Amino acid sequence: LNLENIELILISDYNTSLYSGMCPGGVASQYKEPEFSVDLPACCDKLQWQFICKKIIEINPDTNTLISQDGTKIQYDILSIDIGSTNLGKTQYPGVTDYAISTRPLKLLMDKVNKSE
């Protein structure tokens with residue numbers, strides 16, 4: 001396989017990705033967030049990939065185009081997607097939004113934990 005003409009691009013709406021196996025320790029203040037964060041731009045730089053920090057809101061498979069929240073269009077030939085996860089039922093059941101803290105996405109959970117310290 002000749003990799004000379006292949007351009008790899010990582011797109012994420014955050015500059016870091018949290019290692020989920022250490023998040024419980026982060027919530028318990030055993031670790032600081034930088035200790036279980038992967039620096040995505042630095043990782044991509046080392047691998048010679050392009051990093052784009054944008055939130056993708058639409059995929060057009062007919063034109064092989066991603067559209068970001070700010071309207072930027074990004075062309076692709078082959079696309080691999082990891083959409084992460086969210087918690088279901090936050091708005092379906094009374095009291096959940098008032099009394100529960102969502103654990104997904106992890107970055108938002110840690111933002112809430114860090115804000116409460």
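A salt bridge is a side-chain nitrogen of Lys or Arg within 4 Å of a carboxyl oxygen of Asp or Glu. The structure holds 3 such salt bridges. This is a predicted model, in which local features need pLDDT of at least 70 and side-chain atom pairs count only at pLDDT 80 or more, while totals for chains, interfaces and linings use all residues. Residues are numbered from 1 along each chain as its sequence is written, and side-chain values use heavy atoms, with hydrogens and water left out.

Q: Why is the contact of Lys107 with Glu33 called a salt bridge?
A: The closest N and O atoms of Lys107 and Glu33 are 2.7 Å apart, and the limit is 4 Å, so the pair qualifies. Lys107 lies in helix α4 (a DSSP run of H or I, at least four residues), and Glu33 lies in the loop between α1 and β3 (strands being E runs of at least two), so the pair ties together parts 74 residues apart in sequence.

Q: Which residues are linked in a network of salt bridges?
A: Glu33, Lys107 and Asp111 are linked in this way. Asp111 bridges to Lys107 at 3.3 Å, and both lie in helix α4, 4 residues apart.
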